[in-house]
Amino acid sequence: SGHVCHILLGLMIASIEDFVRRYAPIFQHQGVSVFSDIHSIKFQTGRYFNPSSHISEDRHHVTDIFKFSSSFLSDVRTPVLFFSCYSLYNRHFARQIIYIFLYGFCGRFIFLAITGFLIKWLASEFVGLEYFNYGCAWSFAGISAIVDPLSGFSVFKDTSQKNFFLLLGIYVVGNTIGVEIFKAALQLAPYPSNQAIPATTIMILLLSIILNIFISLLIGTAVGLLTSLFSRLIRHTKSCEFYEPFITIGGPLLTMLICEWNGRSEIFGVIICCLIQERYVFINLSTKSVMSIKVAMEAFAFLSNLLGFVLIGYKLYRALAVFGQIWSFALMVLLVSYFVRLSIIIAITCVLNFRRKRPIGTRLQGLLLFGGVRGPRSYALTCFYGNAPYAALFRDAQLLLIVFSVVIDTLISKMLVRSIKRKLDKIKGDK
């Protein structure tokens, strides 16, 4: 897998930096590396199991060569999101919108609710996180549910177009729900673990999520129609092909900025804006402009994703030093996530298969279970978790989850894809 190589490259950079700062005389008295502080903090009692331990960590004024990591990983999502949303414009996506809604929207809501509840209970009873509350649990569940949409282009390119757009749609829509649950649950993190959260508070947060999604859809629709009208007015201009790409890319960028300024869900707004542009804007553009937009989006998306995984490997070097303190929590989250996801997939599939002439097979259900590979976006949200309780635990555990997903989920997904391809080839041969 290419992502494994990128993570190993980040580990190599981190190890070289650590070696230089330890043994080069010019760096011995500066103390600016994050790795120089590892040995002074990794054996501190209760660093991960004390909700206020993040304060002591922030007092270490450490700077590394990627001190911009949180802002960079947050910006990685922009080209990846644009490329994924533009790629959704396909008849297979439109025909499977019901399945995408059930698996990616409804299923993800149920998954996060049950997973957060189980993580809170298991963390308090068996892992030793005494002050772990529901806000922390749902926040981490939302972070862990976010996957890398670009994995679909590398892992599922050999499967059928129908399966590819089904999985890509589930990933993009499911990521939106994960981000919104994370934002809402973050407001519950300060609640004491022994204090019950009022039902009215939870209902208000759920209604705010639905309202944010609805308003973002309206914003994306308005911006998409505005750019389509503008592109139609300038399509006869001689030099239009030089600034048409900037007008087109400006649509989803403007949608994202408006949604973020108003605290709305920018992903749904960008999805509807890109789909409208694919339908009404691209037909007004020259062939040269359309090709330049698609090639540029693909190039920037994969380049930013590559740099993101290199940074994940760089940060992983630090997490390995405290592996003994976080492995139990990471393992618990993995087991809970797989169990709940499998249960929801089986339940939804059983309901859908009653009305389908060709039922959803076991292999496709396996892809729904293992197909989502975690990426840099998951770690970026842990950086936005800030000084909330157990922030250090969340950041380091998420790195282990990402590496596990990149290796194990990718291998299982590729095996399932090859099995599906052999089955399709056999069916075509019989026909």
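## Overall composition

The chain contains 17 helices and zero strands. Both kinds of element are DSSP runs numbered from the N terminus, a helix (H or I) having at least four residues and a strand (E) at least two. The model is predicted, so that local features need pLDDT of at least 70 and side-chain atom pairs count only at pLDDT 80 or more, while totals for chains, interfaces and linings use all residues. Residues are numbered from 1 along each chain as its sequence is written, and side-chain values use heavy atoms, with hydrogens and water left out.

Of the 431 residues of the chain, 53% count as buried. Buried denotes a relative accessible area under 20%, exposed one over 50%, and partly exposed a value in between, for a 1.4 Å probe and protein chains only. Among contacts in the chain with a separation of 6 or more, 84% join residues 24 or more positions apart; a contact requires heavy atoms within 4.5 Å.

## The nonpolar core

The largest nonpolar core has 110 residues. Such a core is a set of buried Ala, Val, Leu, Ile, Met, Phe, Trp, Tyr and Cys residues joined through side-chain atoms within 4.5 Å. Ile 119, Phe 132, Phe 329, Met 332 and Phe 394 touch the most other members. Helix H9 supplies the largest share of this core, 15 residues. In soluble globular proteins, nonpolar side chains tend to be buried together.

Phe 329 illustrates these surroundings. Apart from neighbours within four places in sequence, Phe 329 is in contact with Ile 119, Val 127, Leu 129, Phe 132, Phe 140, Leu 393, Phe 394 and Ala 397.

## Helices H9 and H12

The axes of helix H9 (residues 161–186) and helix H12 (residues 266–281) come within 9 Å and cross at roughly 155°. H9 is therefore roughly antiparallel to H12. Axes are lines fitted to C-alpha atoms, for helices over the stretch in contact, and angles run from 0 to 180 degrees between N-to-C directions. Angles under 35 degrees count as roughly parallel, over 145 as roughly antiparallel, 65 to 115 as roughly perpendicular and the rest as oblique.

On the H9 side, Val 172, Val 173, Asn 175, Thr 176, Ile 177, Val 179 and Lys 183 take part; they meet Glu 266, Ile 267, Phe 268 and Ile 271 in H12. By class, this contact has seven nonpolar, two polar and two charged residues. Ala, Val, Leu, Ile, Met, Phe, Trp, Tyr, Cys and Pro count as nonpolar, Asp, Glu, Lys and Arg as charged, and the others, Gly among them, as polar.

Ile 326 belongs to helix H14 (residues 323–353) and is buried, at 0% relative accessible area. Ile 326 and Asp 396 are 70 residues apart in sequence, yet their C-alpha atoms are 7.4 Å apart.

Glu 130 lies in the loop between helix H6 (97–127) and helix H7 (134–144). Glu 130 is exposed, with a relative accessible area of 55%. Its C-alpha atom is separated by 9.8 Å from that of Asn 194, 64 residues away along the chain.

## Cysteines

The structure holds zero disulfides, a disulfide being a pair of cysteine sulfur atoms within 2.5 Å. For Cys 273, the nearest cysteine sulfur, that of Cys 274, is 5.6 Å away. Cys 273 is buried at 0% relative accessible area, whereas Cys 106 is partly exposed at 27%.
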